[in-house]
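The sequence and the structure come next.

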Amino acid sequence: ITGILKQMGDEMSADLADAVKQEEAAIKNYEELMAAKGKEVETLQAQIEDKSTRLGSIGVEVTEAINEIEDTKEALAADEKYLAELDQGCATKKDEWEEVKKMRAEELLALAETVKVLNDDDALDLFKKTLPSSASSFLQLKVTMASQKAKALRLLRQAAHKRRSPGLDLIALALNGKAVGFGKVIDMIDGMITNLRKEQEADDDKKEYCEAELDKAEDKTKELEQSLKDSETAIDKMKGDIAKLAEEISALEAGIKSLDKSVAEATEQRKEENAEHKELMASDGTAKEVLLWAKNRLNKFYNPKMYQAPPKAELSEGDRVADSMGVGDAPAAAGGIAGTGIGASFVQLRAVSGDKAAPPPPPETFGPYTKKSEESNGVIAMIDLLVADLDKEMQESEVVEKNAQADYERLMADSAEKRATDSKSLAEKGSAKADMEAQLEAHGDAKKASAAELMAVMRYTQSLHAECDWLLQYHEVRKTARADEIDSLKKAKAVLSGADFSLVQTRSRGYLRRSA
């Protein structure tokens with residue numbers, strides 16, 4: 001019983017050690033899993049914060065867009081109201097303008113008729129005779145080519161002072177000369193006005209082109225910068241996911257190795273326990289056989305009715321023939337413990353000595369021997385107790401062995417299932433890691449391409465600024481200067497055209513002035 005208890009204590013200690021080892025492994029796996037999940041939670045929390053920030057920004061943009069829509073609606077209503085008022089005002093002004101044109105035509109007609117009458121020779125002669133003094137008379141002004149040339153030169157020089165122009169200098173030089181007439185100078189002025197208008201149109205087209213191209217370049221720059229930002233975000237996220245997958249793959253590989261090691265250790269322990277069980281069963285079976293033989297031998301003497309004769313050894317056909325003829329060797333002495341044939345492997349065989357002469361009959365000493373039946377019954381009962389203890393120990397060992405084998409088979413099944421699951425998960429995570437690495441490489445290539453395209457767009461934008469900044473900065477100034485120059489040229493042309501008319505009539509009667 002002490003041995004059984006000791007064995008049970010050893011088995012329980014071994015089971016406790018295994019349970020502690022499994023618990024430590026489970027705690028380690030749990031801590032690794034919690035660490036991985038913690039990193040995953042941190043990554044997801046960062047993503048949540050980023051998306052929350054973006055959500056807030058988008059909400060602000062939506063609110064601003066709604067406000068802009070409201071402002072636009074109000075501006076549209078105001079513009080529509082202004083348009084209605086403008087249409088009404090334009091209609092009124094149109095009627096007023098027709099009235100003004102009618103009145104101006106009547107005024108011009110009256111002035112023309114008046115001038116015609118006053119410029120008549122008879123009227124002039126009459127005015128000379130009838131008007132008492134020259135202070136209150138109508139005088140005819142004398143217009144000369146020199147005065148018209150001087151006035152035109154003054155206008156051209158004023159325009160040249162505001163804006164340096166070789167064309168103005170050339171026209172002034174031609175006007176100062178005597179070889180070129182006013183008609184040629186007027187043609188030069190018309191040509192210069194046409195050129196100025198063409199230059200202004202070219203500047204307007206260039207300004208429109210520069211503004212459109214700069215807007216396109218700015219939009220493309222923002223698009224590429226956002227693409228670079230998105231690529232960097234995706235690359236950082238994928239790097240974190242790849243590192244996480246690598247940690248998970250390492251953990252799975254370590255878990256599989258640990259599981260294989262645990263399975264090997266459990267298998268070795270099961271073999272040792274099975275060997276101990278077989279050894280125990282063999283030794284207990286042998287001890288039981290010895291005790292039963294001893295009990296049967298005591299029963300043969302003390303209780304002949306309970307004696308069970310051992311089965312006769314079966315002889316082979318040759319041995320039976322030899323035995324019937326009285327030929328052959330005598331049967332060998334039984335081996336095992338004390339020649340009983342039990343546990344032959346535990347004892348040494350003992351050689352049987354040769355025949356000896358029968359001793360003479362012993363002398364008479366005591367009377368007939370009396371059997372100690374009561375004492376023998378106690379010994380037989382003790383043997384029965386020992387046999388019952390051995391049966392119990394063997395039965396307990398069988399139960400323990402059966403339970404241990406069932407636990408081992410269940411452990412093997414669970415381990416095989418877990419290993420298959422972990423191997424499948426390892427393969428899936430390896431495939432996912434390879435896909436993420438391919439995507440990471442693709443995002444890296446896209447980032448390089450976007451960066452190269454962004455550099456090209458920035459160089460193009462720089463070239464646009466170098467080409468357009470001066471024009472955009474001084475466009476209005478140049479436009480105003482050209483408008484002033486064209487106005488001066490038109491005034492000079494008007495002056496010269498008036499001088500050209502005086503060539504037909506040296507003394508013009510078309511300009512009258514009432515002296516004060």
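Asp422 and Lys418 are 4 residues apart in helix α7, so about one helical turn separates them; helices (H or I, at least four residues) and strands (E, at least two) are DSSP runs, numbered from the N terminus. The model is a predicted one, in which local features need pLDDT of at least 70 and side-chain atom pairs count only at pLDDT 80 or more, while totals for chains, interfaces and linings use all residues. Residues are numbered from 1 along each chain as its sequence is written, and side-chain values use heavy atoms, with hydrogens and water left out.

**Salt bridges**

Side chains of opposite charge can pair when their charged atoms come close. The criterion for a salt bridge is a side-chain nitrogen of Lys or Arg within 4 Å of a carboxyl oxygen of Asp or Glu. By this rule there are 24 salt bridges. Three of them are listed here.

| Pair | N to O distance |
|---|---|
| Lys206 and Glu467 | 2.1 Å |
| Lys237 and Asp241 | 3.0 Å |
| Lys418 and Asp422 | 3.4 Å |

Lys237 and Asp241 are both in helix α5, 4 residues apart, so they are separated by about one helical turn. Lys237 is partly exposed, with 40% relative accessibility, whereas Asp241 is buried at 16%. Elsewhere, salt bridges that share partners join Lys37, Glu40 and Lys244 into one network.

**Nonpolar cores**

A nonpolar core is a set of buried Ala, Val, Leu, Ile, Met, Phe, Trp, Tyr and Cys residues joined through side-chain atoms within 4.5 Å. The largest core has 9 residues: Cys210, Leu214, Ala217, Leu224, Leu228, Leu454, Val457, Leu464 and Cys468. Two elements, α5 (182-302) and α7, each give two or more residues to this core. The most come from α5, which gives 5 residues.

Contact is counted as heavy atoms within 4.5 Å. With its neighbours within four places in sequence left aside, Leu224 is in contact with Ser450, Glu453, Leu454 and Val457. A second, separate core of 7 residues has Met192, Leu196, Ile486 and Ala492 among its members.

**Helix α7: His475 and the aromatic pair**

His475 is in helix α7 and counts as buried, with a relative accessibility of 5%. Apart from neighbours within four places in sequence, His475 is in contact with Gln200, Asp203, Asp204 and Lys207.

The structure holds 1 aromatic pair. Trp470 and Tyr474 form this pair, which is tilted, with 5.6 Å centre to centre and 45° between the planes. For such a pair, the ring centres of Phe, Tyr and Trp (its six-membered ring) must lie within 6.5 Å; planes under 30 degrees apart count as stacked, over 60 as edge-to-face and the rest as tilted. The two residues are 4 apart in helix α7 (residues 373-502), about one turn of the helix. Trp470 is partly exposed at 49%, and Tyr474 is partly exposed at 35%.

**Surface and overall make-up**

Accessible areas come from the Shrake-Rupley method with a 1.4 Å probe, and for residues only the protein chains shown count as cover. The protein exposes about 38000 Å², of which carbon and sulfur atoms supply 58%. Of its 516 residues, 19% count as buried.

Leu5, Met8 and Met12 make a nonpolar surface patch of about 300 Å². Patches are made of residues with over 30% relative accessible area and no salt bridge, where like charges are joined within 9 Å and nonpolar side chains (Val, Leu, Ile, Met, Phe, Trp, Tyr) within 5 Å. Met12 is placed in helix α1 (residues 2-118) and is exposed, with a relative accessible area of 54%.

The protein has 7 helices and 2 strands. From the N terminus on, the order of elements is α-α-β-α-α-α-α-α-β. Of the contacts between residues at least 6 apart in sequence, 83% join residues at least 24 apart.

Terms used. Buried means under 20% relative accessible area, exposed over 50%, partly exposed in between (1.4 Å probe, protein chains only).
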